[in-house]
Amino acid sequence: MRRARNLGRWLVSGPPLLYLVVFFAIPSLIMVLASFRTPGEFGGLAPLYEEGKLDLNLESYARFFSEAVYAQIFVKSVGYALATTLLCLAIAYPLAALIARSPKRYRDLLLLAVILPFWSNFLIRIYAWMIILGPNAALARGVNGVLSWFGHEPVPLLFSSFAVLVCLVYVHLPFMVLPLYANLEKHDPALLEAAQDLGARPWQRFWRITFPLSLPGVYAGAALVFIPALGIFAIPDILGGPEDSLIGNVIKQQFLETRDWPFGSVLSIVLTVAALLIAGLAAWIARRNLTTPSSREAWRA
Amino acid sequence: MPRKRRAWLWLAAAFGYAFLYVPLVIVIVYSFNDSRLNAEWVGFTLNWYRTLFHDNDMIVAAGNSLFIAAVASLVSTILGTAAGVAMHRHPSRLLSVLVLSPIAIPEILMGVSLLIFFVLLNFTLGLVSVALAHIAFCIGFVAIVVRARLAGMDESLTEAARDCGAKPWQAFRYVTLPLIMPGVIAGALMAFTLSIDDFVITFFTAGAGTVTLPLQIYSMIKIAVTPEVNAVSSLLMLLTLALIIIASKVSPSLLRSQEELAK
């Protein structure tokens, strides 16, 4: 009987497990291995065995740590991802708060309205900003009109860091709204009423009650925005100038143009480690926050 | 005082919604604009749609995208349903990590690791490699929707069927599956949408000769901006919108499972 149960269990979980081992786990391990190898003469990888010698070394790692330009690009990518996270938070908070406070029957609709753009094609959303920020569009003409009033040289909006940042925020916004809403929805309005009765002003109520209570949602949203934003390459590729190359662009370049797979793998691994660290950090802070006495009481209330 | 505060909230949220929708509306509006420049409104035309339907490259790309999406959604629905059932009944860390990681990590990582994998195996990059890659990331999405559906289901029904002498497969086929069907269909539609829209993973696994709709759009906007891109974008948005609306009608819990995803 027990054996039959186990057999059934493996019949159900076996096929997806096998598929993901072959098409996710093994490719990831191969990439880790590739980071220790030498690039081939015509790109790709040099043979693993040659003249009785196993091709495993740390050269690509040494290159990453010795050439300052890569550390700089990495820091720049972290900067962009951080700015994206903060801007998403600023725009998402009122949205999530509004949805959480609206009557129950409208909530799903309002939430759906936030999610729908996320389902439109990624490239279309980038393309939309090409149009809006284009040199002949109303926005650029308006901005440059004002600038020329002040005797300033006209500035291009497209192919700039500004365009990259706006689009990064645009693409990742729903990821911030969802966890924030899921958190804010659970807040007990009685807490705010009690604070009001005790004479707390609106800002005090927000900073001392709503915001601290919403921190788990903030951390979850921050991780969901920061991690994908860190690895993005299409947005700087399409909307950025030559200065706006991020870590994703360098990875793409290593794999498809330079064809230096070992170095591309090293960069990918650095990106993975950074993403995992951030996710772990967000989870750790969120947990620690929940176990500090004051917030625990607040939760219980 | 509360009313004033509410007005601020409304204003900020209205800005948020405008930020989300104005760009997409502009893409659609300019697809009907009688001008090569996406800069100002000149007049109404359907010419860009006409150009689109005579664009051979675009038609080939659309065919490829539909084929890949059909295969990827079919296979990932079967595997994802199995994964969702397994995650619900026998929670295991290994399975959860394998199913959810492809969703959680930056897409580019999966793209490049699959590129190395396929090339080292001498596997020709093309429709099949793209479909195999899409299946891998769609499994997780289907599994989450199915698991959410199972969580809302009364397991005693399956137990009752087993007590009445149904074999495990029969209990699944005649009791569990019909009950979770809305979740399975919603998951399949979601997988189809994700596959047809995917750019990053496709970009790395398609090789030089194979083009899908997002890849075609990418190469067009890298060269020049023409309203033909607006036209194909509008149609793609319409398709996605239809699929998502059907999915959320079939399974109202889809929205909830997206929240779950966000956690």
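What percentage of the contacts in chain B between residues at least 6 apart in sequence join residues at least 24 apart? The share is 80%. The legends below describe a predicted model.

Figure 1. Chain B contains 12 helices and zero strands, and its elements accordingly read α-α-α-α-α-α-α-α-α-α-α-α from the N terminus. The C-alpha trace of chain B extends over about 70 × 70 × 30 Å along its principal axes. Of the 263 residues in this chain, 47% are classed as buried.

**Figure 2. Confidence of the prediction along chain B.** The mean pLDDT of chain B is 84, with 94% of its residues at 70 or more. Within chain B, helix α9 (residues 200-205) has the highest confidence, with a mean of 93. The lowest confidence falls in helix α12 (residues 254-262) of chain B, where the mean is 56. For the complex, the predictor reports an ipTM of 0.86 and a pTM of 0.87.

**Figure 3. The contact between chain A and chain B.** Chain A contributes 73 residues to this contact, and chain B contributes 71 residues. On the side of chain A that touches chain B, helix α1 (residues 2-34) of chain A supplies the largest share, 19 residues. By class, that side of chain A comprises 57 nonpolar, 13 polar and three charged residues.

**Figure 4. Packing of helix α3 against helix α8 in chain B.** Helix α3 (residues 56-89) and helix α8 (residues 168-197) of chain B pack at an angle of about 140°, and their axes lie 8 Å apart. The crossing of α3(B) with α8(B) is right-handed. Residues of α3(B) in this contact include S65(B), I68(B), A72(B), S76(B) and G80(B). Among those that they and their neighbours in the contact meet in α8(B) are V184(B), G187(B), A191(B) and F192(B). The contact of α3(B) with α8(B) has eight nonpolar and eight polar residues, but no charged residues.

Figure 5. R162(B) counts as partly exposed because it has 14 C-beta neighbours inside 10 Å, whereas a buried residue would need 20 or more. R162(B) and I139(B) are 23 residues apart along the chain, and their C-alpha atoms are separated by 28 Å.

Notes
Residues are numbered from 1 along each chain as its sequence is written. Chains are lettered from A and ligands numbered from 1 in the order in which they are written. This is a predicted model: local features need pLDDT of at least 70, side-chain atom pairs count only at pLDDT 80 or more; totals for chains, interfaces and linings use all residues. Two residues are in contact if their C-beta atoms, placed from the backbone, lie within 7 Å. Helices (H or I, at least four residues) and strands (E, at least two) are DSSP runs, numbered from the N terminus. Ala, Val, Leu, Ile, Met, Phe, Trp, Tyr, Cys and Pro count as nonpolar, Asp, Glu, Lys and Arg as charged, and the others, Gly among them, as polar. A residue is buried if 20 or more other C-beta atoms lie within 10 Å of its own, exposed if 12 or fewer, and partly exposed in between; C-beta atoms are placed from the backbone. Axes are lines fitted to C-alpha atoms, for helices over the stretch in contact, and angles run from 0 to 180 degrees between N-to-C directions. A crossing is left-handed if the near helix is turned anticlockwise from the far one by less than a right angle, and right-handed if clockwise. pLDDT is the predictor's confidence in each residue, from 0 to 100.
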